[in-house]
Amino acid sequence: MIVSLELILMIFSILMMSIIFFTLYRFRKVAGVKYLMGLVACRIIYASNVILEKSSYLLVEKMIFRNIQQTALIFVVVLFNLFVYTLVSQRKNIKKQWQVSLLGVGLVWSLLIWLNPYLHVVYNTTELLDGQLIMTRTMYANIFNIICYSSLAVCIYLLVRYVWTIRHDFRKPGLLVLLLMSLPFISELVRFTQPQWSTQLSTFSVFCGMTGMIITLIIIRKKFFSIIPIAKNIVFDYFPESILIMNATGKVIEGNQKATQFFAQLGEVDIYDKPMSKLLAKWPAWYHLAQSFQQGTIDIEVWIHKVRKIYRVNVYPLRTLGEQGQGSVSLIMDITEQQGHLEKIAQLNQLKDQLFTIISHDLRSPLAMQFQLITLLEEDLDCFGEEHQEIITKLGEQTRHTLDMSNNLLEWFRSQREDVVLHPQVLALSEAVEECCQLLAMNSELKNLQITNVVAKDLYVYANREVVLLVLRNLLSNAMKFTQAGGAIHVDAQLSGEMVIVSVRDNGIGMDNEQIGRLFTNNQIQSSMGTAGEKGVGLGLLVSKQFIQLSGESMWAESEVGQGSVFYFTLRGGEQ
């Protein structure tokens, strides 16, 4: 009766291993599974021959079945090594020479087992005692077995490490599968050290196959060999930033290696199943976003090994189709270096602002005073002698040029600031043009230029007053610079829908297409000598274009060499 029950249990174990084999067959295209299938097939062969050996009575038959068992166990070791190497190294294919080498070693030792009656390399003696086959190993066999068991021990160690580093929800079932898979290995190890228990332990090794049902259920439930969890695991762990996943109850259920290292440096060694109220106690804003299932970004400051670090935390809620909150994902990025650069840039910008404030006060104010004095002298020019008149005229030109350059430089600086705010208002465009013409009247008289304002008196625009005056002044100055003495300049404006197109036309030297293209295709300063040798740095047009763009408008030019130029810019129409 005992023998019959033992036989039934052994057959049931083989059936369980067969179920595992067909379960693995579904995932045969996944890297490494083919080796695992071969391993299970060898275990089935081993268990079958254990049953056959126990049911036979002749020494020759028992020898044949024992040799088949030993051959199957050798290839179990070989295939297990190949499987672990493929899984741990994340390689889809192993080099052919490695496969051939391992399989070759297994094949050679199997031949030595079958040829042992002639070579006596594996067993010294073989005898039948009380119906049990007793075999004593040679020194070579002991050494080979030690090598095999050592390789199996290394493989199990690598698997434990691998399972411990994969997704949190895979760890416990993964370790359970490893424990169940290790039972036959443990029984064979005891069988090696205690040969007198060989028959009983071989039966126990077969009984271990009954754990196959548990292993099968775990594999199916957790989808161990599905490519998606494996791919997610690789991406998750090797992602360069820290990832922390919390469920709806506020507990940490998953985190990659970076997240574990981040909190370990802050003294939180074990973060799993820890309430977020404790884990995020130092950062209430982060805790609020995660708890309320809101999306947001915050910057946090931490001290790691007495070094200040700045991290940016992006929180993303996890919701079902019914918009019910299921948890949150926090992405933690180290922006310490970036923040350091931003702080240095802010300091440099502050220094630049201070520098230009000094320039504005200490340079432009004296120049403006000089300009007013020169203007007074020019009004009484007839009171001076011819030599002094020439000096006053030259001095006036240089003073105006320097003042215009400093004004344009400071306005350009103002256009570069991110916090510049333009305040538009309703303006009478004709009055703005007339104000600029009067301001530049002295320059036009020196070259005997006629400036005509033909803008309608009832035309209004909605724009920033300083910007309009700056652009008109620069375009008029530019036209006077490149128009010969006795030339003419016309300022006009036409209403086009909701926009007003302003034009400044001259009959000066003009430009070719290449020069026009360079004016508005880049931010490089373009400077040329005027018709009377006037100098300039070319800032006026650049500043005008940038302020027009800041206003949301546009500027362009038309010109022909020898026929003059027309500069256009748009403004929003306004009503009085």
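Two strands are taken to pair if DSSP finds at least two bridges between them. Helices (H or I, at least four residues) and strands (E, at least two) are DSSP runs, numbered from the N terminus. This is a predicted model, in which local features need pLDDT of at least 70 and side-chain atom pairs count only at pLDDT 80 or more, while totals for chains, interfaces and linings use all residues. Residues are numbered from 1 along each chain as its sequence is written, and side-chain values use heavy atoms, with hydrogens and water left out.

**Figure 1. An open sheet of five strands.** The strands follow the order β4-β3-β7-β6-β5, with antiparallel pairing. Because β4 (252-255) and β5 (296-304) stand at the edges with a single partner strand each, one side of each has no neighbour in the sheet. On average, neighbouring strands are turned by 25 degrees against each other, direction ignored. (Axes are lines fitted to C-alpha atoms, for helices over the stretch in contact, and angles run from 0 to 180 degrees between N-to-C directions.)

**Figure 2. Strands β3 and β7, and the helices packed on the sheet.** Six bridges join β3 (residues 242-247) to β7 (residues 325-334) in the antiparallel sense. I245 has V329 of β7 opposite. Helix α11 (residues 257-265) packs on the sheet and touches β3, β4, β5, β6 (307-319) and β7; contact means heavy atoms within 4.5 Å. The direction of α11 makes about 90 degrees with that of β3. Helix α13 (residues 284-291) also packs on the sheet, touching β3, β5, β6 and β7, and its direction makes about 140 degrees with that of β5.

Figure 3. Since 13 of the 17 residues are buried, α18 is largely enclosed by the rest of the structure. Buried means under 20% relative accessible area (1.4 Å probe, protein chains only). N464 caps the N-terminal end, with a side-chain oxygen 3.1 Å from the backbone nitrogen of E466.

**Figure 4. Helix α4 and residue P173.** The buried residues of α4 are Q99, G106, W109, S110, L112 and I113. P173 belongs to helix α7 (residues 168-193) and counts as buried at 16% relative accessibility.

Note on methods:
Buried < 20%, exposed > 50% of the residue type's maximum accessible area, 1.4 Å probe, protein only. Polar contact = N/O pair within 3.5 Å; in protein donor to acceptor, adjacent residues only side chain to side chain.
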